Amino acid sequence: MMPAAFMALARRSSLPVDGLLAAAIFVVTLGPGQVMARAELVPLQVALVAPLVWRRRAPVTVFFAIAVAAAVQWVAGVQLPADVSLLVALYTVAARGTWRWTAAAGVTLEAGALLAAARWAPPGQFPFTAAALTALVAAALTTGLWARERRAYVLSLEHDRERRARLAVAEERARMTRDLHDIVTHNLSVMVALADSAAYVRHRAPERAAAAVDQIADTGRQALADMRRALGEMAEPLHPAPGIAQLGALAGRMRAAGLPTRLEVTGDPAAIPAAAQLTVYRLAQEALTNVLRHAPGATAEVTLAMTPGHATVEITNDAPTGRAPEPGAGDRRGLAGMRERVAGYGGTFEAGPVPGGGWRVAARLDLAADLAGRGAP
């Protein structure tokens, strides 16, 4: 129980760990030298060690407090093993302080090391003693600087991970927004066209009006299922995301809504990843919806060609000049969404009027580049 409680306390504050370190240094250095023989030296021993309790909260203050105690010790001509606390304090300044204070602390301790060697080195041993103390100072300084760089590196990794997480969330939200835009715009356009058709023929051909109402209901249910899937709900496990296999049904809905639509597919859909198939489907859905809304009476054609490395989709219509579906504000958002979808595959996207009348949307997905990018570690 005690070790667990101590670790929990240590995670909240550095004082317990640093207090334990100070106590260990105090006890270990109490026996050697003159401390046990001269009780009046105990306060000096405490002054050299006790500040380490706050070393991580105020590293510069702690270092210079210990340095003052060491200076008093030097003036008094007393040599205490507790001077090792100066090395710990210098390490902490190098690891946590600024470069200016690190340099000041290093110079201060090196000067103290040279003074100590000059006073207490055995006769004729000053160079060796000074070199040994300088090596200790350099080791403490170097280790502290290494700890600083390592901490900075770990922090940069954490910040990078947080940034990647935020980008992933933003990309997922953008994807959901595009999906919802495509779903709502397409299905509402189809339902409005079907409702207008039902209202027009309800007296002259009630059976056609009833079929249109049934188609409205089916379209609404499909829209709800697509929205649940786009929002990530798990309530529809048996309804995979739409893909190339659903293009025929999409063309059928457009024909039922009054837009004659021709579909031509070449290549093997099995070679196209599911995410790319969804992109192709959304491109066709958005483009056909724009034709339905803005070019009544036009005929649309969807052409899809697939290879293991590429998928090329083209949606055209034959609206007469002046009636081609020029994009409004909502359509521009739809075109921007289509362009973003294609850009995710390193592909190309074009949308514009066709000479002689009509409108053309064309996209080419580079599936090989996408797979290489997704497989990179």
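## Close-up views of a predicted model

View 1. With a relative accessibility of 35%, Trp 101 counts as partly exposed (buried is under 20% relative accessible area, exposed over 50%, partly exposed in between, with a 1.4 Å probe and protein chains only). This is a predicted model, in which local features need pLDDT of at least 70 and side-chain atom pairs count only at pLDDT 80 or more, while totals for chains, interfaces and linings use all residues. Residues are numbered from 1 along each chain as its sequence is written, and side-chain values use heavy atoms, with hydrogens and water left out.

**View 2. The cluster of Phe 63, Phe 64 and Trp 101.** These three residues, Phe 63, Phe 64 and Trp 101, form one aromatic cluster, and the structure holds 2 aromatic pairs (rings of Phe, Tyr and Trp, the last by its six-membered ring, pair if their centres lie within 6.5 Å; planes under 30 degrees apart are stacked, over 60 edge-to-face, and the rest tilted). The ring centres of Phe 63 and Phe 64 are 5.1 Å apart and their planes stand at 90°, so this pair is edge-to-face. Phe 64 and Trp 101 also pair edge-to-face, at 6.0 Å centre to centre and 70° between the planes. Phe 63, at 0% relative accessibility, counts as buried, whereas Phe 64, at 27%, counts as partly exposed.

**View 3. Arginines over tryptophan rings.** The charged end of Arg 119 sits over the ring of Trp 74, 4.9 Å from its centre, and Arg 148 lies over the face of Trp 99, 4.5 Å from the ring centre (NZ of Lys or CZ of Arg must be within 6 Å of the ring centre and within 35 degrees of the ring normal).
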